[in-house]
Amino acid sequence: MRLVTAIREREWPLVLGAALFVSLLTAGYYYNITFVQLGLIDLGTRLVGMSSSTVSLWMGALALLTFLTAVVVGVTMDRRGWSRDLRTKFRLLTLVVTVQFVLTAVAPAIRTVPAFGAWIVGCSLALGLGFPVSFSLAIDFVPVPDRGYVAAAITALTYFGANALPLAWSIDVFSALLTPAMVPGVLVLAVLSSGRIERVETLVDEWATQHERFGRGRFCDDGPVTVRTLAFWSPVALLFGVFFIDSLGFLRIIETPALVLSSWQSPDFGTRLAIAVVHAVGAGMAGVLYVNFDRNGLFLWIFALFGFTYVLYTSDLRVAAFFPGAASDPSILNPLFYSLTVSFYTTLNFALWPDLSTAETIGTHAAIGVGMAGWLATFLSTAVALSLEHADVGLLTHLNLVNALALLLLVALAVGLYSRRVYALARGDTA
Amino acid sequence: MSPTEIVPLLVVVLLLLTASGVEPDRMDVVFDGDHEQTTIDDALVVGGGTVTIPASATASGELFVVGGRARIDGHLDGNVTVLAGNLTVADGARITGELRTIGGSTSVAPGATVGSRTTLDVTPRRSSPAETAGFLALQVLVVGSLAGVLARRWPDLPATVGDAITHHTVVSGVVGSLAGAASLVLLVYMAFTIVLLPVSIVGLVAGFSLVVYGYLVYGFLLGRLLPIERTDLSAAVGAGLFVVVIEVLGRIPIAGALAQFGLVAVALGAVLITYLGLQRFEPADIPG
């Protein structure tokens with residue numbers, strides 16, 4: 001690991017930069033999965049008084065608007081050279097975190113649908129600006145060989161915190177926790193982008209040139225990766241599939257009290273801690289696999305684990321349907337495997353986009369990659385979940401559908417990889 | 001009792017039925033509530049609640065108790081098997097077949113009549129030191145012999161797997177623990193389907209074989225450290241030593257078990273990432 005060598009050789013700017021990147025991304029991702037995604041449901045249903053279907057529609061709108069904003073921001077970043085300018089990125093992030101600070105503080109006071117809509121638009125713009133900028137920091141702060149491990153650290157810290165901290169999924173609780181927690185972040189970013197403190201400026205100067213030494217991403221060595229190449233779109237499509245499967249299944253799971261109260265919202269701290277530990281261990285495993293194997297291997301693992309997890313869920317439901325008299329305590333094994341899978345793909349998502357980019361393309365690639373795979377997939381899966389709900393599709397059928405999709409993608413990827421190898425051999429490529 | 005707990009017991013019931021040559025057309029399963037059963041359709045499984053055969057009734061069929069409570073006050077023309085839960089055979093009650101107690105608790109009143117009665121004691125018997133030593137010696141002999149044969153006939157295979165164990169320990173451990181955990185759960189779930197039970201057994205045997213293969217490779221690696229020139233002999237001695245090490249680790253609480261798990265996971269992963277030793281593992285080449 002380059003970072004271990006850096007610690008040994010006391011290259012503190014490099015180490016500090018990586019630590020700052022991990023802190024920023026961990027805080028940002030924690031904010032996203034707790035406050036925005038979980039808090040929004042509570043805000044819409046409990047405080048504003050909307051139905052869960054209407055809130056889901058608003059969530060879809062948030063995802064779509066975030067995606068569109070991100071693409072505009074990402075392309076602008078690359079065209080105007082902001083992707084290569086660390087100070088500009090710090091300024092943009094300061095703006096984002098300040099807006100998010102205000103949105104977080106005012107959220108519990110929202111009571112009307114127009115205010116809720118305005119809040120959603122504000123969140124979308126902040127997120128759409130924030131994630132291409134924050135993902136692009138990887139090229140400034142993380143050496144290429146360490147991106148898998150750094151992504152694993154972000155995933156592990158985020159999910160461990162989100163699960164081990166015994167917080168109710170309520171906007172008031174999230175707001176009370178996150179508003180003061182964001183103050184140091186705003187201050188640090190303000191100092192970093194102020195340009196007025198000499199010692200900080202020296203450090204930022206050092207960081208600003210690191211991307212030149214780190215070079216291009218790991219997957220750019222076989223040829224240029226652009227938005228016109230399959231090398232970019234195939235991982236986008238695969239990760240889109242991953243996010244779609246996750247979101248489609250999880251939306252239904254969290255609406256099933258028996259499943260969510262025996263796992264992510266369990267009153268038993270031991271259960272939540274077990275999930276948190278599995279998340280952290282899973283992230284570590286994904287980091288090791290990412291660094292040591294081709295990325296397609298990790299995609300295969302993810303689809304296999306998703307398929308497997310939903311086999312577990314649907315098997316339990318089938319058994320319960322077959323023996324309705326049996327008291328059905330949902331198995332802890334199912335959320336544990338689910339958590340393992342989520343950590344796998346989250347780690348991949350954090351590492352993949354910088355590794356498919358150069359300093360000139362990171363803005364666009366991160367925006368399209370994360371936007372399409374993360375936000376657009378969420379938007380579409382929400383729409384599908386809602387239509388399934390309106391069609392009165394049962395839990396078993398719903399999860400069975402998700403399971404089928406995961407298995408289909410697993411088989412399609414395996415066949416695709418094998419066919420590609422056969423094609424290469426047929427053309428005489430023995431490598 | 002949850003479905004996850006009840007399904008394995010139902011699998012055992014089906015296996016027992018199959019083994020006894022009985023092919024029931026119908027099997028009833030009771031999970032909760034109080035039931036008075038005056039007749040039994042071929043087979044009745046008590047998984048929860050309470051089932052009573054009243055004093056006035058004469059029921060024919062197989063009764064399995066896997067949870068809850070069963071009470072026989074009348075006559076049962078058939079066999080009774082207790083796997084878990086409680087069975088009470090009251091004064092004046094009669095079982096014409098065999099009463100088999102494998103687990104749970106069984107109470108038979110002095111005035112009850114039972115055709116025959118067997119109790120399977122599943123409490124593990126403490127082996128004598130001589131038996132333990134003998135079994136260990138047998139393991140040492142078998143694993144040592146296999147390691148010797150492997151090192152003599154296909155020395156490249158353990159060398160390749162051993163290289164992954166020593167140089168890519170973390171990767172091997174990650175792949176081994178992930179593949180091991182996922183496979184184990186998958187095989188158990190396959191067994192639940194009954195139809196895939198043979199596949200599940202084959203899978204377990206294959207997994208066990210891979211772990212044994214890993215043991216042989218550890219033996220090969222340990223043998224290299226020994227002052228023995230012959231590769232096959234050193235591998236055999238090393239494998240024997242490794243078996244002893246594993247046995248000693250098993251006697252250390254928690255830390256020993258963790259160490260055993262770690263060794264097995266690393267070995268399994270190394271075997272998998274080297275395709276059983278046929279291809280040297282090369283991690284992805286990352287520039288920078």
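Helices here are DSSP runs of H or I with at least four residues, numbered from the N terminus. The model shown is predicted.

**Figure 1. The loop between α16 and α17 of chain A, with Asp392(A).** Asp392(A) is situated in the loop that separates α16 (362–390) from α17 (395–426) of chain A. Its phi is near 55°, a positive value in a residue other than glycine. Most residues other than glycine have a negative phi. With 7 other C-beta atoms within 10 Å, Asp392(A) is exposed, because a residue with 12 or fewer such neighbours is placed in that class.

**Figure 2. The loop between α1 and α2 of chain A, with Arg10(A).** Arg10(A) occupies the loop between α1 (2–8) and α2 (12–47) of chain A. For Arg10(A), too, phi is positive, near 55°, in a residue other than glycine. Arg10(A) has 8 C-beta neighbours inside 10 Å and therefore counts as exposed.

**Figure 3. The packing of helices α3 and α5 of chain A.** Two packed helices are described by the angle between their axes and the distance between the axes. Helix α3 (residues 52–80) of chain A packs against helix α5 (residues 113–136) of chain A at an angle of about 40°, and their axes are 7 Å apart. The angle makes α3(A) oblique to α5(A). The crossing of α3(A) with α5(A) is right-handed. By class, this contact comprises 15 nonpolar, six polar and no charged residues. Residues contributed by α3(A) include Trp58(A), Leu62(A), Leu65(A), Val73(A) and Met77(A). Among those from α5(A) are Ile120(A), Cys123(A), Leu127(A), Phe131(A) and Pro132(A).

Figure 4. Apart from neighbours within four places in sequence, Val96(A) is in contact with Ala126(A), Leu129(A), Gly130(A) and Val133(A). Leu129(A) also takes part in the contact of α5(A) with α3(A). The C-alpha atoms of Val96(A) and Trp375(A) are separated by 18 Å, and these residues are 279 residues apart along the chain.

**Figure 5. Chain A as the setting of the close-up views.** Chain A contains 17 helices and zero strands. Its radius of gyration is 22 Å, close to the 22 Å that the globule rule gives for 431 residues, so chain A is as compact as a globular protein of that length. The C-alpha trace spans about 70 × 65 × 40 Å along its principal axes. Of the 431 residues, 52% count as buried.

Methods. Residues numbered from 1 in each chain as written. Chains lettered and ligands numbered in written order. Predicted model: local features only at pLDDT ≥ 70, side-chain atom pairs only at ≥ 80, totals over all residues. Axes fitted to C-alpha atoms, helices over the stretch in contact; angles between N-to-C directions. Helix = DSSP H or I, 4+ residues; strand = E, 2+ residues; numbered from the N terminus. Parallel < 35°, antiparallel > 145°, perpendicular 65-115°, else oblique. Left-handed = near helix turned anticlockwise from the far one by under 90°. Contact = placed C-beta atoms within 7 Å. Nonpolar A, V, L, I, M, F, W, Y, C, P; charged D, E, K, R; others polar. Rg over C-alpha atoms; globule rule 2.2 N^0.38 Å. Buried ≥ 20, exposed ≤ 12 C-beta atoms within 10 Å, placed from the backbone.
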